[in-house]
Amino acid sequence: MAMQTSTYRVLSLQSRSSFRKAPSTAIFEFRRRSSDRVLSLLCITYYSTLSSTEFCSSKRRSRGPVMAAKKATEGAKQEDGKYKHTVDLPTTKFGMRANSTVREPEIQKIWDEKQVFKRVAERNSGGSFILHDGPPYANGDLHMGHALNKILKDIINRYKLLQNCKVDYIPGWDCHGLPIELKVLQSLDQDARKGLTPLKLRAKAAKFAKNTVKTQMASFKRYGVWGDWDHPYLTLDPEYEAAQIEVFGQMVFQGYIFRGRKPVHWSPSSRTALAEAELEYPDGHVSKSIYAIFRLVSSPTSGGILDEFLPNLCLAIWTTTPWTIPANAAVAVNAKLEYAVVEVHSPSPDVSNSSADGKKKLGNVFKEREKPFLIIASELVSTLEAKWGVKLVVKKILLGSDLEHCRYTHPVDRRECPVVVGGDYITTESGTGLVHTAPGHGQEDYITGLKYGLPILSPVDDDGKFTEEVGKFSGLDVLGDGNVAVIEYLDENSSIIMVEPYKHKYPYDWRTKKPTIFRATAQWFASVEGFRKAAMDAINQVTWVPSQAENRISAMTSSRSDWCISRQRTWGVPIPVFYHVDTKEPLMNGETIDHIKSIIAQKGSDAWWYMTVEELLPDTYRDKASNYEKGTDTMDVWFDSGSSWAAVLEKRKGLSGPADLYVEGTDQHRGWFQSSLLTSVATKGKAPYSGVITHGFVLDERGLKMSKSLGNVVDPNTVIEGGKNSKEAPSYGADVLRLWVSSVDYTGDVLIGPQVLRQMSDIYRKLRGTLRFLLANLHDWEVDNAIQYNDLPLIDQHALFQLENIVKNIRENYENYQFFKIFQIIQRFVIVDLSNFYFDVAKDRLYVGGTTSFTRRCCQTVLAAHLLSIVRIIAPILPHLAEDVWQHLPFQYTTEDGNAAEFVFESRWPSVNEQWLAFPSEEVDFWGKVLELRTEVNKALEEARTGKLIGSSLEAKVYLQTSDDSLAARLKEMCQAHNDAGALHRIFITSQVEVLSSLENEQIKNIPYGGEYLIQGENKVWIGVSRAEGSKCERCWNFSPQVGSFAEHPSLCSRCFNVVGGEALPALAAVS
Ligand SMILES: [Zn+2]
């Protein structure tokens, strides 16, 4: 702390300790509440730039003119009232309280009625700026994540408006998909479900989505988000659907769409294929894992190295999905791993049929007299010995590559199957080092299967039941009795070594919360492989914020497999394909797709369900209509939203791609950012965006995920409108919520809760108070009153220099989207530079300097500049506050092009003022010293106050002595300032200041308080405090020997006499 840099020689009898305890007066209420550890931590984060000394308020010192003014207003009874008409009281109708539940909607209504967003966007001439909205899902209420997202976007858009950009922001909604379909289904009773046709279901789903859009839109508007709310984009709009079909058609034309049998995540509970994004991996899933054996029938002809063990040699495998054994097509090994042929010796007697905990269960294999030789990975011999409770004697070692092309008998249907070499996925981390391979039921198996031309077996139906292909298990549920039946069958046939429960991450359906399976079905795919390189190149061209996001999307795009785009659901855009009734051959080409597109553009995608094949086919195919039937698959909703660049940016008037910016949560790297990238790269060869910003999730104050069960959900509407209990959940208004959005570093997860909000509300109030101070002291201001820059006293030029720097700095941070830095800069500026210093000092000349005096006009010139700049630089974050201020401006503001700015967003960003920035650097240094000196003087005054020498700082005279001659000379000069505003005693808010030549002065003995201080760690300054000379001026409360010298106004000082008396007395005015 700064205090430790000063040494204080106590000359009085006052105790040292009392000085050390100089209070750092809290400005914000929350500082007093900071007993809570979390809160104090947050304070440190937010206010690390402010030391406690800087926070030190000077309320007590500055009481003079303020109190005088206040007392004067209290009426004629008061003695002080005599000069009340000569005091310039701050005046404004702009309220101290925001009253945001009333005022914000009022302001929004004015914006709406006057079409301010549209007007400003159209009038702006600085080029277009397109932030393309990622569509929230039209399902349920909005949460804090939505608020964070939309407000971030609005801050950016509003900043760009001030920067003279033509901002076009079209909000969107994602309206199709399973969750809405399920909501509709859940709302129906048994009978209604029976009578449900696809068209009825789609009508209900559309109604549901549209209603949700309405509610969500009202909330977004209440956040103060500006956009083209009258023309949003909905993925269920016919023109949108048609554009989506067009994108699909282009991908078909490019050869990127194919139909294949491929294992996909399949949810038996909702009878559909699922995307990665529709899966979740809950804790605690336990599978029945088995160690099983497959009997070898031959070893490769080339080697014959295993012949000595035949026919009693088996491959040992391990699987967590025994139900996939019927679909087994191979056993895969790792070519580079070492494998061992082991002989099994009887289980030790203590290993019984089942383990002590009853969980492990040994199979029949080891119970038979003649035990088979087993092949397992060498590294796993001892692990498996322990697990199986047997002795394994290694008979031979060989490499995985030696095993390739061995053949074994399938344990269920006795087919001969090969041993193959798989990929690096085969390790010795678990299992046996040999992998049961069922290409119809696993991704890696599928790829290995392609390599060896293995059959893609998948004898499981839509409900997750075995089909007739596996006669004996037919009809059994693979996740239930089917799994058990397979294990039993294998054991009866002496193929099971052990059954063991196995806890692991297993994919569940995110909606039904039931386990899924991998299952090969006929699906439509977009071949990512076909344009992966182009996609990777496109990623490279995009600006990612934060920059690490590029790595994330690169990794996800480079590793992703082909995109399964078909869904077996009703509520979506149809895949526009016909199948031949007999051959099942698909019919889909440019002509058919174009025809369907034009139908959907007019009638919407319902047409696919209500129109006949004949109608849906183009003329050339119409006579063959009876040979075809419609496909029933719909498109993955990620294809819907992933086509928004085509449906919105390429179709809406005045828009074009690529968008300047996409802004979404970090989960969209695998969602919308990626699906949009893929469709755009596949059809256009480039990304649909030039910049992407990602933000984190919103957590509660303790960093926990919000959930109803934890009761820690912060609802954005409650924040704005208040909750049932107005003490616990006051109505903060949209601006406080927006201030919070600006305060967080959104590149990571962000925290919110009651304490954070209280804190934001306090800061909001401080900001509002600052703006109110500015408005109120400019009540009589006219632009013509402005004083030329060169005539301003240095203190005012310095203030303009600081302001200009702040504006510049904040602009840079808007440009870099670092809003939390803006939040910190503004806060510091308002508290430290303005409230604690400039305003504090300014009050004297504003209130009692004389209405039209040069000194007051100088100050008002500075205040007007501050008001006009601050209101605009905060406007993107706090638009309601800024507009409220703007509507209370006591003067008209005219833009550079000569138009009056009726609304704050018509005023544009403050233009750069080079003259203000050119304040000489040596003066900047000097004022830095003066401010620090002021801080030290305040400490000395505090000591004198504690010692009851003075009350108000105006009762004091300050003495300074420094051996730094140039500093001393400069300070002396300031004591006799040409302009009263820059006088040192005004800056210290004392009545007098005297600079002493040396400390070897008789005078010093009469100064009751004094000590040495360090300024900027180098200049030693001695500071003394005594009672001020003379008497107290009735009007301004300054002490002066001149009080009593004016016959007509015996209670006034010379300054006030000059202001009030009208007739200047030059001889006296010079002494002050
Ligand atoms: Zn006075």
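Me: How are helices and strands assigned and numbered here?
Reply: Helices (H or I, at least four residues) and strands (E, at least two) are DSSP runs, numbered from the N terminus. This protein has 38 helices and 38 strands. The model is predicted: local features need pLDDT of at least 70, side-chain atom pairs count only at pLDDT 80 or more, and totals for chains, interfaces and linings use all residues. Residues are numbered from 1 along each chain as its sequence is written, and side-chain values use heavy atoms, leaving out hydrogens and water.

Me: Which atoms coordinate the zinc ion?
Reply: Donors are N, O and S atoms within 2.8 Å of the metal (3.2 Å for Na, K and Ca); water is not among the atoms, so sites may look incomplete. Here the SG atoms of C1033, C1036, C1053 and C1056 coordinate the zinc ion at 2.2 to 2.3 Å. Along the chain, the donors follow the spacing C-x2-C-x16-C-x2-C. C1033 sits in the loop between β37 (1031-1032) and β38 (1039-1040).

Me: Why is the zinc arrangement tetrahedral?
Reply: Four donors count as tetrahedral if all angles lie between 85 and 135 degrees. The four donor atoms here subtend angles of 108 to 111°, so the arrangement is tetrahedral.

Me: Are C1033 and C1053 buried or exposed?
Reply: Buried means under 20% relative accessible area, exposed over 50%, partly exposed in between (1.4 Å probe, protein chains only). Both C1033 and C1053 are buried. S991 also counts as buried, because its relative accessibility is 5%. Of the protein's 1072 residues, 57% count as buried.

Notes
Four donors count as tetrahedral if all angles lie between 85 and 135 degrees; four count as square planar and six as octahedral if opposite donors are over 155 degrees apart and all others between 65 and 115; anything else is irregular.
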